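Here is a short briefing for a first look at this structure.

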Amino acid sequence: MSKPTATDIAAQVRSGERTAVEVLEEHLAVISAREPEIHAFNVVIETEARARAATIDSQVVAGEDPGPLAGVPVALKDNMCTTGIPTTCSSKILEGWKPPYNGTAVEKLYAAGAVVVGKTNLDEFAMGSSTENSAFGPTLNPLDITCVPGGSSGGSAAAVAAGFAALSFGSDTGGSIRQPAALTGTVGLKPSYGTVSRYGLIAFASSLDQIGPFANTVADAAAGFEAVSGHDPRDSTSIPEQLRPVTPHLSDGVDGMRVGIITELMGEGQLQGFEPEVIAQTRAAADALAAAGAEVAEVSVPSVVYGLTAYYLIAPSEASSNLARYDGVRYGNRVTGVNTAAMNTATRTAGFGAEVKRRIMLGTYALSAGYYDAFYGKAQRVRTLIINDFARAYEDFDVLLSPTSPCVAFPFGAKSDPMTMYLNDTCTIPSNLSGQPAISVPFGTGDRGLPVGVQILAPMLGEVELFKVAAVLEGANQ
Amino acid sequence: MSKSSVKKTESQELLPEGWEMVIGLEIHVELATATKLFSPARNSFGSEPNQNVHPVCLGLPGTLPVINEKAIEFAARIGLALNCTVQKCVFARKNYFYPDMPKDYQITQFDEPLNIDGWVDLPVAGTRIRVERAHVEEDTGKTTHVGDSGRIHDAGYSLVDYNRAGVPLVEIVSHPDIRGPEEAKEYVDEVRAMVVAVGASDGKMEEGSLRVDANVSIRPKGSNELRTRCEIKNVNSLRSIGRAITYEAKRHVNLYEAGKEPVQETRHWDEEAGRTRDGRKKEDSDDYRYFADPDLVAVVPSPEWIAELAATQPPLPAQRRTTLVEVGATKESAALVVQRSLDSLVVDAIAAGADAKRVLNHATNNLAIEGAEELSAVDFADLVKMEDDGALTATQAKQVLVEMVADGSTPADIAAKHGFEAMDTGELEATLDEIIANSPQEWERFVSEPDERPKLQGFFVGQVMKATRGQADGKLVNQLLAKKANA
């Protein structure tokens, strides 16, 4: 099945060679055929999409600029606020809730001429690595429907992998873009913290969350990043710096670039449980970069082994506070009670799934009096250690390399123990903690012929370097 | 700085022998910014419910706070007025569930508040009350409980208005240095005058833009211990503050003297009943799980910015009182005049050439009326000059002043309207002579019987007043009587 790229679609629509309506209908047909099986979406918005596609076409006809992503069918993770369109975080507590406003990234996509086709499924409130935690049923991996697409942005990954949309967007707090990208054979980017506005992204862990693109090609992912990034005064953590354009550098190559393979993430030391093919493909990717002129060596980033532990204290702590507002008072579903406290409890008990409850309790505990220093406080200090270790590594290397996920896509129910599930994020979490950018690129296949994802990491605002490396790997992966 | 040992302390006056009140006050000041602390919604009192709201201050999913810089400026000005150190501050989340808090956490400042370690010198009590901190935080919405008592206990349902949610507050926390209700009221009044003077707030307790909670405990006089305190809420006026503190201190005395102890709790002041009541018992002690808000960055005021604020700080009450003392006011009348915001009127009237003593006398004694601040300094000066020239008696001047405040007319117009003119001495003497001539027996007794003079003086003055329709200057009449009697 051919999956037209966003880059091609935009060029064709802008030039008038194809109409946005035609492109949309093609994608809606694919959705119609396969979505009932895959369940990538919580809602498909044909009416709104058709109206928007028609508008794009009018602009083209009138000689107006329809935007750099004109006519590109785009899917948005259902934790991104869209005016008048249900935004549920795949949770019963927000079932049917329609935001009265658009998030900044959404506004930018509309302004770029994108045609949003629907809101995609996720692990409830972005908590999970398989999309099995959705209150509305899981999403199936288009490459093997017995397997998960990864999570938490499983729906967005599947939408792109299945050709439902040319570009999609998810959020990455501990790997929730990169890991599903790896498991579905797509490209997924977690941008530098502060480069994409979080205004309108329903918060999970505020100091870690970032919106980023999924695409079938590196060039499309770059275009997606460029469309949504930039300073936003409505987000106090949005960085003021002007960002370097990425697309002009895609073909720069990696000659002379210093690439460091992260020793601790190659399955030999303290962190075990990496599938052999995953390791093999990561080494093959390193070889491909060396063949392209990069200087490749191993580098130790010792504190990454503590990343998981620090993350599973920091993220739930912030989440326990961010999710307090779902109390049945103002919006969302309410279960009545004899008084307000009883109503809060009944509403949240009925509305939240098991993993969400687990993390809220964990986070509440970690922040509580007498435990704050031992848990949350200490985890933040570990975070500093990780940042320092990365800084040392980047003195000698331009980018770092590791697997994205320790394994390829796994069967539904295979990782029912929470701790086992959490280990999926081992390689991705460190860059959420440091705020630095990282991208997953498909490279080779592993067990059962399923795709392996290789992760490239860069210093803060190093997206240009990430994409240069990603482009070379994409070329070598043909 | 301590009070004279001759006078009894408030504790000595109000409590049984040997006990001393230990009081700390938390004052919440609503800042007069155009928009809220973290959201672009309007900050305005008195609107219909839920009109001044926005996704951010409603805490809708996906929204983020953005700091209002004017609020920080106002808060720093308050800190400077309180002699605080203004420092880098970090916003923290105070987590608890309540329907008037849209996010179910309040953004406040915990470990690192904007202002610390200040003080207030009280002009009348003469004491110094130390200020522990003055930090910035967002206000909550307002709940209305719909039932018989208007309180939560018997309500069938509750309504929530989020107009106030997210309004910027500065919370000023004093050390427990206050020793009595009058001192407490003076502290609140002085702080209120300061926050109004720097333009940060309109300080209206009746509108809730200045709110006070009192922390009250007692201890044996002479000891330094801090015993169990109770927090009193719902004290909505200066008078309530005084009454509530007195009631609560006595309640503690009664408990200790009965061999019991007060329970550390929050109590509610019942103005009608004149007593405090225990509030909702909180089962879990207040663990707010404070942590630095990851949606905001630290606010780091530069030394240059702080210096600029200090250099452009409007005159504070203490400075304004000093200015009045310099033009001849007593400490007490200076305090009174500044408290009524009449000091600039006084200073301007004196600058326009009016006699300082008369101006101060009027400001202290005759201008405790609504609208006095709006009085024109030039007109005020003219009035005083008329009095000085003898064109108006003291009594007439007071009446004219009151009318000037009421309708803004000039003293000349009002005097003319009433036909006020002080009588000239010659005319007055002539009138007096006529009355003396018509009352020979009374005059005989006045001259020859000194014991009878006070009563007869009243008679003659009364007659003169009748004859002149109140326009005579009473003092002058007495002088003339004395002169004639002794002639």
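**Sheet and interface at a glance**

Chain B holds an open sheet of nine strands, in the order E2-E5-E6-E9-E1-E10-E11-E12-E13, and the pairing is mixed. Its edge strands are E2 (85-86) and E13 (275-278) of chain B, each of which pairs on one side only. The model is predicted.

**Within the sheet of chain B**

- Strands of a sheet pair through backbone hydrogen bonds, in either a parallel or an antiparallel sense.
- Strand E12 (residues 266-270) of chain B is antiparallel to E13(B), and four bridges join the pair.
- B:Asp270 stands opposite B:Arg275, a residue of E13(B).

**A helix across the strands**

- Helix H2 of chain B covers residues 69-81.

**Where chain B meets chain A**

- Chain B brings 31 residues to the contact, and chain A brings 38 residues.
- The size of an interface is often given as the accessible area lost when the parts come together.
- Here the buried area between chain B and chain A is about 2,600 Å², with 58% of it from carbon and sulfur atoms.

**Polar and charged links between the chains**

- Two salt bridges are counted between chain B and chain A.
- A:Arg198 makes a salt bridge with B:Asp295, with the closest N and O atoms 2.9 Å apart.
- Chain B and chain A have 18 residue pairs in polar contact, counted where both residues are at pLDDT 80 or more.
- The side of chain B that touches chain A has 20 nonpolar, five polar and six charged residues.

Terms used. Residues are numbered from 1 along each chain as its sequence is written. Chains are lettered from A and ligands numbered from 1 in the order in which they are written. This is a predicted model: local features need pLDDT of at least 70, side-chain atom pairs count only at pLDDT 80 or more; totals for chains, interfaces and linings use all residues. Side-chain values use heavy atoms; hydrogens and water are left out. Two strands pair if DSSP finds at least two bridges between them. Helices (H or I, at least four residues) and strands (E, at least two) are DSSP runs, numbered from the N terminus. Contact means heavy atoms within 4.5 Å. Axes are lines fitted to C-alpha atoms, for helices over the stretch in contact, and angles run from 0 to 180 degrees between N-to-C directions. Buried area is the accessible area (1.4 Å probe) that two parts lose on being put together, summed over both. A salt bridge is a side-chain nitrogen of Lys or Arg within 4 Å of a carboxyl oxygen of Asp or Glu. A polar contact is a pair of N or O atoms within 3.5 Å; within protein, one must be able to donate a hydrogen and the other to accept it, and residues adjacent in sequence count only if both atoms are side-chain atoms. Ala, Val, Leu, Ile, Met, Phe, Trp, Tyr, Cys and Pro count as nonpolar, Asp, Glu, Lys and Arg as charged, and the others, Gly among them, as polar.
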